[in-house]
Amino acid sequence: KRFDVAPPLPANIEISVYLLATAAQASPSGALPPELAAIGKELKAAGGSVALKLADYQMIRVRAGQPAEALGPAPASPTVATLVRIRLDSASLSPDPKGDVISLNGLRVWLNVPSPGDTSQPQAKGSADVTADIDVRQNQAVIVAKAGIDKPLVVIVRAGLATGAK
């Protein structure tokens with residue numbers, strides 16, 4: 001009178017990595033997506049009248065406990081900041097009464113950060129520009145890194161369960 005019950009499948013987790021750059025004027029094509037509205041307000045409050053635009057975006061879908069890697073397309077222009085490569089050792093989901101927490105272990109992000117006046121093609125780098133082990137509340141964006149003085153760049157991560165996953 002007992003039934004075999006399959007164990008629950010590991011969660012599929014979507015990790016979105018955003019690269020924001022400053023702009024002389026906010027442009028409609030580079031406007032921040034709605035999921036970054038709160039972070040955009042926070043950054044504007046901290047940076048004064050600095051306009052932010054979405055420079056690049058990549059999304060990785062990974063099964064909990066597994067590694068993942070994504071390579072971005074070659075930059076259209078060597079003078080544009082882009083996400084080159086994203087690598088993750090593992091992601092895990094932890095239930096929490098205030099909202100599930102997603103742990104990202106071994107997150108590494110490689111960036112193409114152009115130098116002023118440099119128009120040469122970007123070269124492959126061995127080490128990542130951003131390295132972190134972080135916990136993210138499901139569907140909330142967090143700032144992982146800020147870099148640059150004259151033309152600041154901001155790396156933001158948002159993680160959640162893949163659509164249709166429970």
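This is a short tour of selected residues in the structure above, stop by stop.

The model is predicted, so local features need pLDDT of at least 70 and side-chain atom pairs count only at pLDDT 80 or more, while totals for chains, interfaces and linings use all residues. Residues are numbered from 1 along each chain as its sequence is written, and side-chain values use heavy atoms, with hydrogens and water left out.

**Stop 1: Asp56**

Select Asp56 in strand β2, residues 51-63. Strands here are DSSP runs (E, at least two residues), numbered from the N terminus. Asp56 is buried and has no salt bridge. Buried means under 20% relative accessible area, exposed over 50%, and partly exposed in between (1.4 Å probe, protein chains only). A salt bridge is a side-chain nitrogen of Lys or Arg within 4 Å of a carboxyl oxygen of Asp or Glu. The nearest side chain of opposite charge to Asp56 is Lys53, 11 Å away; Lys and Arg count as positive and Asp and Glu as negative, with His and the chain ends not counted.

Leaving aside residues up to four places away in sequence, Asp56 touches Val17, Tyr18, Leu19, Ala81, Thr82 and Leu83, where contact means heavy atoms within 4.5 Å.

**Stop 2: the salt bridges**

Select Glu69 and Arg85, whose side chains meet at 2.5 Å, N to O. Glu69 is in strand β3 (residues 68-71) and Arg85 in strand β4 (residues 82-88), so the pair ties together parts 16 residues apart in sequence. Glu69 is partly exposed, at 42% relative accessibility.

Next, select Arg108 and Asp89, with their closest N and O atoms 3.3 Å apart. Arg108 belongs to strand β6 (residues 101-112) and Asp89 to the loop between β4 and β5 (90-94); they are 19 residues apart.

Then select Arg137 and Asp96, a salt bridge of 3.4 Å, N to O. This pair links strand β7, which holds Arg137, to the loop between β5 and β6, which holds Asp96, 41 residues apart. Arg137 is partly exposed at 28%, and Asp96 is partly exposed at 29%.

**Stop 3**

Val130 counts as buried because its relative accessibility is 8%. Among the residues it touches are Leu107, Arg108 and Val155.

Finish at Asn139, in the loop between β7 and β8 (141-147). Asn139 has a positive phi of about 65° although it is not a glycine.

Conventions
Helices (H or I, at least four residues) and strands (E, at least two) are DSSP runs, numbered from the N terminus.
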